[in-house]
There are 2 protein chains.
Amino acid sequence: MDKNIPYKIYLDESELPTKWYNVRADMKKKPAPLLNPGTGQPITLDELSHVFCTELAKQELDDTTPYIDIPQEILDFYKMYRPSPLTRAYFLEKALDTPAKIYYKFEGNNTSGSHKLNSAIAQAYYAKKQGLKGVTTETGAGQWGTALSMACSYMDLDCKVYMVKCSYEQKPFRREVMRTYGADVTPSPSDTTEVGKKILAEFPGTTGSLGCAISEAVEVATSTEGYRYVLGSVLSQVLLHQSVIGLESITACDKYGIKPDIIIGCAGGGSNLGGLISPFMGRQLRGEEEYKFIAVEPASCPSLTRGVYAYDFCDTGKVCPLAKMYTLGSGFIPSPNHAGGLRYHGMSSVLSELYDQGLIEARSVEQTSVFEAATQFARIEGTLPAPESSHAIRVAIDEALKCKETGEEKTILFGLTGTGYFDMVAYQKYNDGEMSDYIPTDDELKKSLNELPKV
Amino acid sequence: MDKNIPYKIYLDESELPTKWYNVRADMKKKPAPLLNPGTGQPITLDELSHVFCTELAKQELDDTTPYIDIPQEILDFYKMYRPSPLTRAYFLEKALDTPAKIYYKFEGNNTSGSHKLNSAIAQAYYAKKQGLKGVTTETGAGQWGTALSMACSYMDLDCKVYMVKCSYEQKPFRREVMRTYGADVTPSPSDTTEVGKKILAEFPGTTGSLGCAISEAVEVATSTEGYRYVLGSVLSQVLLHQSVIGLESITACDKYGIKPDIIIGCAGGGSNLGGLISPFMGRQLRGEEEYKFIAVEPASCPSLTRGVYAYDFCDTGKVCPLAKMYTLGSGFIPSPNHAGGLRYHGMSSVLSELYDQGLIEARSVEQTSVFEAATQFARIEGTLPAPESSHAIRVAIDEALKCKETGEEKTILFGLTGTGYFDMVAYQKYNDGEMSDYIPTDDELKKSLNELPKV
């Protein structure tokens with residue numbers, strides 16, 4: 001062990017961030033604006049406030065303010081489970097026999113089991129402050145729904161969760177955690193909404209998708225007095241809140257003189273990757289430092305590596321604003337067998353723009369190799385990782401093994417977004433040798449990309 | 001918030017304990033020795049070494065050495081998940097509107113989800129050091145089995161786990177976590193052992209008990225070359241290893257000038273309670289401080305509050321050494337519907353002796369009131385607690401509410417031993433209003449107590 005670097009770095013409360021960082025403020029070329037699907041014009045604050053809480057709509061549209069104060073109530077809540085540890089993977093380094101130094105920022109030490117709580121509490125706070133009765137949302141793997149249930153329970157808000165049907169069935173215990181925190185959980189698509197009924201009529205056997213669930217949640221929010229819709233990823237406001245991950249990481253790195261060469265995160269909608277890399281990206285955009293950023297996505301849902309950069313619907317029901325993003329088409333539904341939280345058809349506009357500018361690399365990895373890395377990591381580093389996080393582990397291990405070949409002592413930082421406690425069905429498949437890989441064909445992608453809106 | 005006390009106290013690596021504390025050394029009247037069930041004489045190191053690793057057998061018999069060095073390899077492993085946070089329950093205090101100050105030591109921030117890893121790694125280390133091929137054990141709720149699987153995976157040892165059948169069936173995901181870490185898991189009673197076959201023949205529909213599972217694990221360990229048996233609770237060596245909980249707590253308390261008035265822990269076999277209170281008890285035994293210690297047990301398995309203090313078998317199959325302890329009789333099997341890890345018929349000899357000397361109080365609490373406290377705690381403090389830990393929460397809340405009545409500003413410290421991620425079947429029952437209480441009748445207890453060995 002390096003005597004100067006503890007196994008786990010916990011910041012003191014006094015070192016915790018008190019402001020979120022908005023990477024858009026440092027981008028010369030900004031992410032493209034959200035468009036009103038009816039008019040094709042950039043959406044206004046007023047229009048957006050019908051869907052989101054007003055303060056969150058403001059944050060969504062603000063691409064110039066670099067730092068935004070975190071309200072005291074949210075800071076207090078953060079103290080319940082933050083700081084998260086920045087961990088030196090000494091045991092993994094040793095097992096790989098690599099000269100690379102590997103660090104991971106572990107966000108799983110809270111009951112939601114992931115980083116999602118960082119934005120959930122912010123969104124619940126602003127909803128409460130606006131005097132709302134409740135919020136609606138969707139959840140895929142269940143991490144976001146759990147996080148939001150916890151935050152709403154804390155803020156005394158109603159919470160209605162539309163859970164992608166295949167997750168609802170695979171993860172009854174996730175549902176039960178949400179119920180314990182007082183949430184209503186409905187499998188999606190459902191017959192509780194018009195859009196759900198329509199999707200069910202068109203695709204009777206569907207196992208659902210995030211896109212469907214979003215449509216249902218938005219419909220309920222916009223048609224119920226005192227409700228708004230909240231979303232756990234993709235949005236720029238979510239990346240803003242998630243910047244606490246990167247801000248804590250950069251403070252810890254600076255404190256111990258750690259300079260990451262490579263920063264790796266899994267990417268579904270982009271909440272974790274965006275949160276982790278934002279402050280580092282800011283330094284790079286300001287010309288202060290250089291890093292290699294790697295987004296890792298599942299080969300089964302490869303929006304960055306095989307999608308197109310275009311305006312698209314954020315949801316299957318086409319009720320949300322249009323976003324310019326790397327997308328596979330809003331009709332794309334990955335195989336139900338495949339990685340929980342990384343099943344969204346598109347990617348955060350902020351990350352899409354950074355990727356398009358060549359500031360981020362992207363890799364897609366196959367499911368079985370991800371679980372191989374997950375199991376290896378669990379046995380060596382102790383923590384059983386979420387399948388989502390394990391995408392980042394896969395590439396971190398690959399990069400560390402490259403260092404072994406070249407002899408380079410690179411410093412690798414990756415985001416370990418959560419735990420796999422609620423993913424044991426997937427682990428069981430892997431343990432039983434019944435897990436398969438799935439890569440969409442070009443024809444499948446062509447089909448869903450054909451449905452892009454004309455803007 | 002009290003500005004001087006952070007929400008969570010994390011010690012620096014340099015402040016972590018490097019020695020375990022053996023409370024027996026400070027006890028004037030020592031716990032009664034283990035007896036050889038054949039001869040009725042105190043068991044010798046040689047005899048005990050047939051069941052346990054030699055070094056662990058030494059620790060089991062050593063009631064005079066106050067501090068024992070923690071080997072460097074174990075210290076390194078501890079750094080993967082320790083220090084555990086000592087948390088000030090500011091939000092709970094506020095919700096209860098109590099003048100009491102409430103702290104909890106949270107041991108759930110590791111994949112086993114509980115404090116059990118503290119002893120698992122120690123036992124796996126000594127087994128490896130002795131050149132063994134593997135270890136056998138039993139697990140009830142699955143926390144110990146998971147912890148041991150992790151430790152054995154890390155130490156590259158075989159791990160055979162006998163899991164109490166009702167838990168095996170209620171918690172398939174626990175089993176899968178153990179498999180992911182490479183363990184063999186068998187539901188107990190099973191037909192893989194003589195004692196298992198015998199129990200199955202006598203009680204064909206039995207859902208198992210810790211006592212049965214112990215017998216099976218011991219049989220396999222003592223009849224298989226290169227194997228020894230390890231146990232996650234009850235034993236004095238386990239309390240020794242678990243003293244890291246109390247040592248970290250006392251260091252954190254001293255650092256911030258916190259003086260607990262009341263220290264509360266749940267008590268099944270006693271591993272958590274013993275670990276938490278040992279160093280505080282040491283101060284009290286040496287006349288340096290006074291505390292009120294409270295052991296909380298389920299009303300369904302009330303060994304301290306309704307058992308007798310006598311020599312008894314540690315296992316149903318009667319193959320283990322006899323221990324003097326508070327016991328309900330080794331044939332006692334609590335209702336399968338009831339609290340996971342607190343189903344053992346007896347109590348640690350060390351804690352039994354301290355209780356007999358009047359140094360510990362005991363309370364028994366009913367299951368529904370425990371889950372009421374668990375849900376309240378989850379919603380207020382964020383963390384979803386294990387049912388076991390929630391016994392301590394119940395009494396901590398009760399004590400804080402007493403302070404509200406009397407206006408006393410007492411400082412309460414309790415052990416939050418783990419998370420409830422794998423206990424969602426029980427939470428579901430509670431959420432659905434289908435949970436019941438169960439208190440054994442006097443006749444039931446009389447029946448199992450009639451079977452005590454004549455010593």
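I looked up Pro83(B) and found it in the loop between helix H3 (72-81) and strand S4 (86-88) of chain B. The model is a predicted one. I checked the peptide bond from Arg82(B) to Pro83(B): it is cis, with omega near 0°.

I then turned to chain A. Arg82(A) and Pro83(A) are joined by a cis peptide bond, with omega about 0°. Pro83(A) sits in the loop between helix H3 (72-81) and strand S4 (86-88) of chain A.

Next I went through phi values in chain B. Asp97(B) has a positive phi, near 55°, and is not a glycine. I placed Asp97(B) in the loop between helix H4 (90-96) and strand S5 (101-106) of chain B. Its relative accessible area is 52%, so I put Asp97(B) down as exposed.

Asp156(B), also not a glycine, has a positive phi near 60°. I found Asp156(B) in the loop between helix H6 (143-155) and strand S7 (158-164) of chain B. Asp156(B) counts as exposed because its relative accessibility is 61%.

I looked up Gln59(A) in helix H2 (residues 54-61) of chain A. Its relative accessibility is 3%, so Gln59(A) counts as buried. Leaving aside neighbours within four places in sequence, I noted its contacts, among them Trp20(A), Arg24(A), Tyr126(A) and His241(A).

Last, I compared the chains.

Terms used: Residues numbered from 1 in each chain as written. Chains lettered and ligands numbered in written order. Predicted model: local features only at pLDDT ≥ 70, side-chain atom pairs only at ≥ 80, totals over all residues. Heavy atoms only, no water. Helix = DSSP H or I, 4+ residues; strand = E, 2+ residues; numbered from the N terminus. Buried < 20%, exposed > 50% of the residue type's maximum accessible area, 1.4 Å probe, protein only. Contact = heavy atoms within 4.5 Å.
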